[in-house]
Structures are given as C-alpha cells and as structure tokens.
Amino acid sequence: MINVALPKGRLGEKAYEVLAQAGYECPAILEKNRKLTFENPAKGVRYFWVKPSDVSIYVERGAADVGIAGKDILLEYQPDVYELLDLKMGCCRMCVAGREDLYVDPEKALRVATKFPHIAAKYYESKSREIDIIKLNGSIELAPILGLSDVIVDIVETGKTLAENHLAPLETIVDISARFISNKVSYKFKHRQIVEMCQAIEKNL
Ligand code: PRP
C-alpha cells in the first residue's frame, strides 16, 4: 500500500484527479463527508487529507510515503524529502508586495510581514538588506494597510487580493508550483511502486 498525503483544498482535489487519471483512483474520496482517510486496496493506495503546510511533515517522518506539496512549503521548511516531480499545477509566485508609492529609509530595517519567514530572511540576506520580520498566519495584506509592516512577502496567484487592497507586487522572489515528494526511506523500500506511480503521473501531465 502506498500512503499519499494530499493537501486539503482546491490544489489537493486537482492533484487527486491527476492521480486518479494515472490509475490510482479511489472513488470514496469524492463522497461529501468529513472522513480524512480513504483507501482502494485493489489499487494499493491510501489517501489522507492534511493541512497543506503539513504535507511535508507527514512525508518527512514517513507517516505518508509520498505527497503533494507546494514549492513554497518546501522552500520554507526545507524538509528532508525527495522532490520527484513538478506537477505544473498550483502555479503562482512568491512576491514582495506593498504600496506602489512605498518609500522606506534605506538606513532603517525594512519591516516585512509574512507567513514565510525563512524565505523572506534568505531573500533579503542575499540583498544584504536588514529586515525586521513580523510572522503572521494569514490575511497578510492587512499588515501594510494598517502600518504594521512596510511590505509583505506572500503568494500571488491572480493578483486580485493585492489589487483589491490597493497593493502591488513589487519584486518576484521565486516561481512556485506543486511538487510530488517522497519519504527517503519509502523511496528505497517501496521503490518500484513509487517509481511506477511517478511514471504514470508524468504521462498525464
Ligand atoms: C493566499 C495569499 C494571498 C492570496 C493570493 O492566501 O496569501 O492572500 O492567496 O491570491 P490571489 O493573487 O489570487 O488573490 P490564502 O488563500 O492561502 O489565505 P490566507 O490569507 O489565509 O493565507
């Protein structure tokens, strides 16, 4: 049995469709209920829904053999897993955003609000810019509006959230997409099954 961690939400549903097309369907998963695990023994697969930012934890610790995680999560938490495939879905970019007329005294630390403190710290370190990180857990766009921060480092997909809050993307840090990842021990001991799954997914990308 291969245990697959799917990110709860739209990306997870899309990822499941790709897996189903690849021959790993599990019809029970489409039932509207609150169950978190689903299996199809005939196909040798068990799925579970986890919070998107937790997928890499389940996979890193072997509770899941494989999973689908955003590159943003992999860059932020640097889990010790194999990144096997770029699924080319859930595409967006990690950006610095703020007011278009932003002026910040270069002598002062730039106040950066974000859910991604590691990505933000590395980015500004590469630019030798001193920053003050304000770690938030959601609705990041509020921070520059209320003067809590000068800029934000966040995911931009359509750009709608920024535009509707009178903010603009100022710099792109990195392009993001969903990745198919594997636990390192599982990759050794379930090698054939995981490689077959990878190849079947790749054919449908
Ligand atoms: C993400 C991100 C932005 C929004 C960007 O938030 O943090 O707020 O999506 O999407 P857009 O460019 O298409 O408008 P998410 O939906 O994950 O919720 P959160 O604010 O609670 O993190």
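Histidine 166 counts as exposed at 68% relative accessibility, where exposed means over 50% relative accessible area (1.4 Å probe, protein chains only). Its place is in the loop between H6 and strand S10 (168-176), and its phi is near 55°, a positive value in a residue other than glycine. Most residues other than glycine have a negative phi. Serine 139 also has a positive phi, near 45°. Serine 139 lies in the loop between strand S8 (131-135) and helix H5 (142-145) and is exposed, with a relative accessible area of 53%. Helices (H or I, at least four residues) and strands (E, at least two) are DSSP runs, numbered from the N terminus.

The model is predicted: local features need pLDDT of at least 70, side-chain atom pairs count only at pLDDT 80 or more, and totals for chains, interfaces and linings use all residues. Residues are numbered from 1 along each chain as its sequence is written, and side-chain values use heavy atoms, with hydrogens and water left out.

Serine 139 is among the residues that surround the ligand, as are Lys115, Thr158 and Gly159; a residue is near the ligand if one of its heavy atoms lies within 4 Å of it. The shell divides into 2 nonpolar, 5 polar and 5 charged residues. S9 gives the largest share, 3 residues. The table lists polar contacts (pairs of N or O atoms within 3.5 Å).

| Residue | Protein atom | Distance to a ligand oxygen atom |
|---|---|---|
| Lysine 115 | polar side-chain atom | 2.2 Å |
| Threonine 158 | side-chain N or O atom | 2.5 Å |
| Glycine 159 | backbone N or O atom | 2.7 Å |

Definitions and conventions
A polar contact is a pair of N or O atoms within 3.5 Å; within protein, one must be able to donate a hydrogen and the other to accept it, and residues adjacent in sequence count only if both atoms are side-chain atoms. Ala, Val, Leu, Ile, Met, Phe, Trp, Tyr, Cys and Pro count as nonpolar, Asp, Glu, Lys and Arg as charged, and the others, Gly among them, as polar. Buried means under 20% relative accessible area, exposed over 50%, partly exposed in between (1.4 Å probe, protein chains only).
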